[in-house]
Amino acid sequence: MTAPSARGDVPVLPSPPLDDADVPRFLAELGLDSMVDAHVHFLPDPVMAKVWAYFDRAETHYGTAWPIHYRTSVDERLATLTRLGVGAFAPLVYPHKPGMGRWLTEWVTEFAARTPGALPTATLFPEPDVVDYLGAAVANGARAVKVHVQVGGFDPRDALLRPAWGLLAEAQVPAIVHCGHGPIPGAHTGLDVFGEVLAQHPRLPVVLAHAGMPDYVAALDLVRRYPNVHIDTTMVGTGFTERMTPLPSDWSARLADVTDRVVFGTDFPNIPYGVAEQVAAVAGWAAADDRLGAPFTRAVLHDNPARLLGVG
Ligand SMILES: [Zn+2]
């Protein structure tokens, strides 16, 4: 199936992109003029330099090399996203200690204001002023809030966060939460731990980053239990991740009844392969089950993240 021959309004699933330069062809044959990436990282340059230095020592941390594929200037990274056909993206920031949440949130708010395609976001940390800076970001139109339980090393059930979760549930602003044990566990990672937050805030819109890696099945259980819980595709199903934390063999079948709650994410630029590989992984799931196909691929790459992030 390589031709976009129409079946009604729905094109046949195009052949997956071979490399980044081939992604626009794939999107066009799918009937999309752009895609939406819900999980991208931009950080102040000195912070990003530290993140890259960490990945340079990945063999120590993860037991495998992690060569950053898009280690270029901010302008070049933005041009790359445009070439890939990314029309809108959520630039995500996250603190690893107290006192950084406000600064990073203010930085990313300004970054989004001056950067075409970048949606305003925020982050949080359990600290006394969290509701103050988070509330300001939401009032200023933040479309998503990155929560990194592993890097932050905090307990998402912390009493200081309770009003923050309440605020996001009330405003219906999604929290993109890295709470799985992969690629390495943290003191308070685990879908069971974050499940307790959801039990207290059942309307909270959430994106389980990396589809809860490696607890993919538990992540889908939370998606089924709570109507506002989603998963993102970030790093999921790529060759790199499959070698460490493979998907269940019936993954495509498991997605068939939650197709509206899977959103495209990549971890650009901090990935050890090209974005085309992530797009091809989604296309591979779609091809493996007749209930998915082209409509699922369009929904994941564009419609679902656009709806969740309020992209016009
Ligand atoms: Zn990430």
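T121 stands opposite A144 in β6, where helices and strands are taken as DSSP runs (H or I of at least four residues for helices, E of at least two for strands) numbered from the N terminus. The structure is a predicted model, in which local features need pLDDT of at least 70 and side-chain atom pairs count only at pLDDT 80 or more, while totals for chains, interfaces and linings use all residues. Residues are numbered from 1 along each chain as its sequence is written.

Strand β5 (residues 121–123) pairs with β6 in the parallel sense over 3 bridges, two strands being counted as paired if DSSP finds at least two bridges between them. From β5 the chain crosses through helix α6 (residues 130–139) to β6, and this β-α-β crossover is right-handed, a term used if, with the strands pointing away from the viewer, the path from the first strand over the helix to the second runs clockwise. Strand β6 is also joined by 4 bridges to strand β7 (residues 175–178), and these two strands run parallel; here V147 stands opposite V177 in β7. Taken as a whole, the open sheet is formed by 6 strands in the order β5-β6-β7-β8-β9-β10, with parallel pairing. Strands β5 and β10 (262–263) stand at the edges with a single partner strand each, so one side of each is left without a neighbour in the sheet.

All 5 of the 5 residues of β6 (residues 144–148) are buried, so the strand is largely enclosed by the rest of the structure. A residue is called buried if 20 or more other C-beta atoms lie within 10 Å of its own, exposed if 12 or fewer, and partly exposed in between, with C-beta atoms placed from the backbone. Not counting residues up to four places away in sequence, V145 touches T121, A122, T123, L124, L134, L168, V173, A175 and I176, a contact being two C-beta atoms, placed from the backbone, that lie within 7 Å.

Helix α6 packs with helix α5 (residues 101–114) at an angle of about 10°, with their axes 10 Å apart. That makes α5 roughly parallel to α6. The axes are lines fitted to C-alpha atoms, for helices over the stretch in contact, and angles run from 0 to 180 degrees between N-to-C directions; angles under 35 degrees count as roughly parallel, over 145 as roughly antiparallel, 65 to 115 as roughly perpendicular and the rest as oblique. In this pair, G101, R102, T105 and T109 in α5 meet V130, Y133 and A137 in α6.

Most residues other than glycine have a negative phi, and most peptide bonds are trans. Q172, in the loop between α8 (162–171) and β7, has a positive phi of about 55° although it is not a glycine, and with 13 C-beta neighbours inside 10 Å Q172 counts as partly exposed. M235, in the loop between β9 (229–232) and α11 (239–244), has a positive phi near 70°, but with 28 C-beta neighbours inside 10 Å M235 counts as buried. The peptide bond from G182 to P183 is cis, with omega near -5°.
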